[in-house]
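Colleague: I have the model open and would like to talk through how its parts pack. Could you start with the terms you use, and then take my questions as they come?

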Amino acid sequence: MSVDADDEFQKELITLFVQEAQEWLQQIHVALDELQQGPPADRHTKLAQTMKAGLTNLGGSAAMISLSEIEQASFAALSFVEAVENPAAALSASAFLALCKQLGHIHSALTRATGVTFDAESSVCSEAVPATMSTSDLLAALQSLLSRQTGATDMARNVTRTLIAQIEGLIQTGVTECDAHSLRSFLIRVADAEQTFLDAVQQQGPMVVDGVAQMSRGLRESDGMSTGEGQALVDQVNALWAASQQVNALQAMTFFMGLQSFLTIVTQRRVLPEARQFELVEQRLRGILGQAQEWAEAGRMERDAIDALLPAV
């Protein structure tokens, strides 16, 4: 094979290598980004394995076409992944930073060897290095916050207590730092769940009020609500109970459970309540609907107070 043919063949190999390298690096950076968000232990392990596989493939392919600098940088990065692959170990911002810097060395080596810029993913590292906080400091801050909470709403909340229990568990297992990103993700999940509850109450609550009123009128007029209509009303109340259970809105959960039993008994014609009982049910139901907005606002204020304890990202 002529020298020119050898050069052309090497160029083709490098072109194929560049395509593969871009795919592997994308997988590595996506895995790293998720890894720093504090995933469950089994997912954490899989993400670390994905990164190690990508680096191994990258280094092996570089060796096949004699790109030694890329080969060495890729295999050297494996030890940095091993430093963060144990989900039971304390989270170390410096370990992630060291891994990100090593990935940066790989990007630079690739650019020097191939002439192709591999900086597109490098921002992931600079943006994703986790902000951390001492678990003992956070526990003390959360306990102080709990002592200041005055119960501004009748619907009990437990977000602060839940976080305190989680942090105490981390301390017992030897974890000394918490990832602020993971804690904020928890607060976002709580906010989403509470909004779902509030939406359910605002959308279905008035229909339940109308259904209770319709049931009361029907019974008085001796052409009561059909079994199917009664069951549909019971199902609506059950959905509200489930939504309140998801966010531990204890008072609402207790009320909807009782209302479900009351409506089931009436629907099955086992008793015929007095009109006054229906009036009390409607009155209490309207009260719960009104409290839901206040409860949601109290939740937002509690989450804001917790967020303020965390280091800025």
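Modeller: Axes here are lines fitted to C-alpha atoms, for helices over the stretch in contact, and angles run from 0 to 180 degrees between N-to-C directions. Helices (H or I, at least four residues) and strands (E, at least two) are DSSP runs, numbered from the N terminus. This is a predicted model, in which local features need pLDDT of at least 70 and side-chain atom pairs count only at pLDDT 80 or more, while totals for chains, interfaces and linings use all residues. Residues are numbered from 1 along each chain as its sequence is written, and side-chain values use heavy atoms, with hydrogens and water left out.

Colleague: At what angle do helix 6 and helix 7 pack?

Modeller: Helix 6 and helix 7 (residues 159-172) pack at about 155 degrees, and their axes are 10 Å apart. The two are therefore roughly antiparallel to each other, a label for angles over 145 degrees, where under 35 would be roughly parallel, 65 to 115 roughly perpendicular and the rest oblique.

Colleague: Which residues of helix 6 and helix 7 make the contact?

Modeller: With contact meaning heavy atoms within 4.5 Å, helix 6 contributes residues including Leu-138, Leu-139, Leu-142 and Leu-146, and helix 7 contributes, among them, Leu-163, Ile-164, Ile-167 and Ile-171. By class, this contact has nine nonpolar, four polar and two charged residues, where Ala, Val, Leu, Ile, Met, Phe, Trp, Tyr, Cys and Pro count as nonpolar, Asp, Glu, Lys and Arg as charged, and the others, Gly among them, as polar.

Colleague: And how far apart are the axes of helix 6 and helix 11?

Modeller: The axes of helix 6 (residues 135-148) and helix 11 (residues 275-309) are 10 Å apart, with a packing angle of about 150 degrees. That makes helix 6 roughly antiparallel to helix 11. The contact consists of Ala-141, Leu-142 and Leu-145 from helix 6 with Ala-305, Ile-306 and Leu-309 from helix 11, and its residues divide into six nonpolar, no polar and no charged.

Colleague: Left-handed or right-handed, for the crossing of helix 6 and helix 11?

Modeller: Helix 6 passes helix 11 in a right-handed crossing, whereas the crossing of helix 6 and helix 7 is left-handed. A crossing is left-handed if the near helix is turned anticlockwise from the far one by less than a right angle, and right-handed if clockwise.

Colleague: Switching topic, is Gln-102 buried or exposed?

Modeller: Gln-102, which is found in helix 4 (residues 93-114), is buried, with a relative accessible area of 10%. Buried means under 20% relative accessible area, exposed over 50% and partly exposed in between, using a 1.4 Å probe and protein chains only.

Colleague: What does Gln-102 touch?

Modeller: Leaving out residues up to four places away in sequence, Gln-102 touches Ala-73, Ala-76, Ala-77 and Phe-80. A polar atom of the Gln-102 side chain lies 3.0 Å from the backbone oxygen of Ala-73.

Colleague: What about Ala-200, and where is it?

Modeller: Ala-200 has its place in helix 8 (residues 180-220) and is buried, with a relative accessible area of 11%. Neighbours within four places in sequence aside, Ala-200 is in contact with Gly-205, Leu-240 and Ala-243.

Colleague: Last one: how many helices and strands does the protein chain have?

Modeller: The protein chain has eleven helices and two strands, and buried residues make up 41% of its 313 residues.

Key: Polar contact = N/O pair within 3.5 Å; in protein donor to acceptor, adjacent residues only side chain to side chain.
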